[in-house]
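Please examine the sequence and the structure before reading on.

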Amino acid sequence: MSLDPARRYFSPEIEQMSRADIDSQRDEKLLGDLIPWAYKRSGLIRETWDAAGVSPADVTSMNDFHEKVPFIDKDAIRSYRDRHDDPYGGLLCLDPADPTMKGIFSAIFSTSGTTGDPTPAPFAGRGPSMLVREFWELGARPGDHFLHCLFTFRGPSIHDTIRGIGATPVFVDHQPSDIEQLLRFSRDFRPTGWYTLSGPLIMMIEETATRLGIDLQDAFSSYRGVVFAGEPIGPRARARVEGWGLELFIQTSLGDVGAATECREHDGCHMWEDTAYIESLDPEGTTPVGDGIRGELVSTTLIDKVAPLLRYRSDDLVRVTREVCACGRTHGRVHTLGRKGDEIIVVGVSVLPGDVWGAVESIDETNGLFQMIRPSREVDTLRLRVGYATEGPGGLPALRVRIEDAVEESVGIRPEIDLVEREVLLRQGPPHKIPRVTRA
Amino acid sequence: MTFAAAYEDPPRVWGVGRVVVGDEIVPWPVSKADIDDETEVAATFLRELGLGADELVLIVSYLSQAIHVAPLERAAGVVGALYSSADASRFDAFRTASLVRQLKPTVVIGIDDAVLAGFDDLDRDPAEVFAPVRAVVASGAGAQARLAAAGVVAGTWIRLGALNAVAYPGEDQLRYDATRWQVDEADGELLVTNLADRLTPSDRFRTGVQGRVPTPGRIAL
């Protein structure tokens with residue numbers, strides 16, 4: 001395809017597809033292809049559907065889909081994995097030994113493993129992913145350099161995607177130890193796009209730049225857009241990064257069937273509905289919630305025939321809207337609120353990590369590093385473990401009181417604060433995030 | 001399965017990686033032709049390490065090593081095998097241990113000092129972690145020695161300028177492809193020169209690695 005750098009969208013025929021066409025393509029892919037494919041080949045799907053007394057022949061419309069198709073979740077996948085000694089949890093639909101798959105089914109990547117064993121994710125991709133649309137939206141163009149700052153366990157699709165828009169990846173580790181090179185390569189190669197930035201990386205960039213006397217506005221002046229991913233960003237970190245002249249594009253997971261990323265309107269993350277069917281359901285039930293109402297994200301792939309997820313209850317609390325975005329794209333948008341399994345009810349009041357994030361982060365010494373202690377869903381006391389870089393004026397007792405005050409002002413509950421050196425928390429997660437909820 | 005349309009004219013530079021010379025990091029642009037050519041060399045390494053069709057190699061590395069690692073990843077496909085990936089960091093050592101247990105790779109390549117330190121943190125014995133693996137290849141001579149001390153007979157993988165050199169388990173000397181690269185020594189330091197076309201040429205490029213070349217295609221550290 002030939003690309004005019006001035007064009008607004010990478011794939012306008014898809015990104016501005018009419019709602020009727022989105023729905024019609026979904027029906028064709030899902031009902032006519034994915035469901036029979038997955039039922040025939042996926043042990044988990046077949047087992048789950050058989051237990052529910054449902055077969056593909058029973059699902060001929062989206063009404064049937066909503067009424068009859070059973071849910072799967074992470075526990076079901078882990079259970080199948082353990083019962084069948086199957087690392088793919090019964091999802092793999094391709095036979096690695098099938099000669100027609102040679103060169104297509106190429107690798108096995110894995111989830112981050114923040115909350116447990118990393119889950120193997122079979123990969124049969126070749127070439128760029130749909131993230132070409134996001135990278136174009138960032139403002140990266142053919143001939144540009146593009147900073148690829150990530151891990152190895154996500155696979156090669158990102159660098160294929162960067163080349164897919166005609167740009168050249170510049171490889172940097174998403175590690176504190178590589179910050180100096182990140183700054184150097186930013187100045188030397190003048191990249192226009194950056195995938196990805198995270199909270200811990202922001203902290204390390206700031207410290208490294210201060211130590212080396214580097215002007216970050218100057219170092220980052222070539223970037224037109226930066227994808228921020230891994231976990232939510234607090235208002236203070238956002239302000240800091242925007243002070244460096246960077247425009248952030250938040251990316252969120254789409255229930256393990258893909259990712260959704262903000263556009264330049266920054267009003268929710270676009271979920272590409274030609275690749276996934278997203279439902280937002282009552283978190284405690286099965287009925288759909290209305291447009292823009294808080295619900296649990298339930299995802300169904302429309303393109304993954306390697307390890308397809310059908311009606312996967314993600315545990316993610318979201319608001320989904322299908323109103324056409326001001327950017328002109330017709331695909332829906334998702335606002336991530338938190339994880340259902342992270343919610344704590346403190347004397348009847350719901351608290352998610354995002355509710356206290358800004359308050360903790362507002363205390364400079366913390367860098368926003370904290371965990372909520374969740375021994376059970378319902379507790380009498382909100383307990384937070386907070387990391388600190390420095391003790392600040394008045395020492396730790398004064399720091400503790402300032403955090404308690406800030407959190408109480410934010411959520412109306414006075415917490416108990418367990419202060420730890422920040423490295424204690426940073427060691428608990430991969431470089432791009434830490435577990436924000438812990439049992440003890 | 002291509003998920004999205006691609007720009008029809010891919011960039012001449014496949015990617016900008018790096019080579020490490022002592023404490024110095026040198027940005028290193030490579031072309032797709034470079035990667036394709038090195039893939040042939042890497043396929044030989046993987047076959048000779050015992051990787052067969054329908055098996056799996058776990059590659060433990062960093063994204064910044066992409067110009068050295070991408071040929072290994074692609075070579076797995078040439079062999080008819082699969083690959084999986086973990087970071088060569090202390091934190092990500094848990095992933096290496098977990099993927100070895102879950103995926104049962106035939107070959108694991110790239111275990112470095114940081115990963116071994118991570119095993120210590122996890123109280124994991126390398127000999128127990130790698131017991132089911134046919135061939136383990138360390139990244140660097142230090143990690144190879146630590147693995148040996150733990151009872152794991154491992155090979156060694158080093159990145160020498162832009163080229164990969166591998167010693168197989170039980171062998172002292174590293175192998176490299178002498179039809180594509182010339183390795184010389186000067187005052188004990190290894191120098192590399194590309195014989196095949198490369199986007200970024202190496203002309204007696206100082207690697208910062210001490211060693212000697214007993215015969216073309218072999219390196220003794």
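Reader: How are the residues and chains numbered and lettered, and what is predicted here?
Author: Residues are numbered from 1 along each chain as its sequence is written, and chains are lettered from A and ligands numbered from 1 in the order in which they are written. Local features need pLDDT of at least 70 and side-chain atom pairs count only at pLDDT 80 or more, whereas totals for chains, interfaces and linings use all residues, for this is a predicted model.

Reader: Which element gives the most residues to the side of chain A that touches chain B?
Author: In total, 55 residues of chain A are in contact (C-beta atoms, placed from the backbone, within 7 Å) with 41 residues of chain B. Elements are DSSP runs numbered from the N terminus: helices are H or I of at least four residues, and strands are E of at least two. Strand 1 (107-110), strand 3 (145-150), helix 7 (157-164), strand 4 (168-173) and helix 8 (179-189) of chain A each give two or more residues. The most, six residues, come from strand 4 of chain A.

Reader: Are helix 3 of chain B and helix 4 of chain B roughly parallel or roughly perpendicular?
Author: The axes, lines fitted to C-alpha atoms over the stretch in contact, are compared by an angle from 0 to 180 degrees between N-to-C directions. Those of helix 3 (residues 93-103) and helix 4 (residues 113-121) of chain B come within 8 Å and cross at roughly 80 degrees. Angles under 35 degrees count as roughly parallel, over 145 as roughly antiparallel, 65 to 115 as roughly perpendicular and the rest as oblique. The two helices of chain B are therefore roughly perpendicular.

Reader: Is Ala162(B) buried or exposed?
Author: Ala162(B) lies in the loop between strand 7 (155-160) and strand 8 (163-167) of chain B. A residue is buried if 20 or more other C-beta atoms lie within 10 Å of its own, exposed if 12 or fewer, and partly exposed in between. Because 25 other C-beta atoms lie within 10 Å, Ala162(B) is buried.

Definitions and conventions: Two residues are in contact if their C-beta atoms, placed from the backbone, lie within 7 Å.
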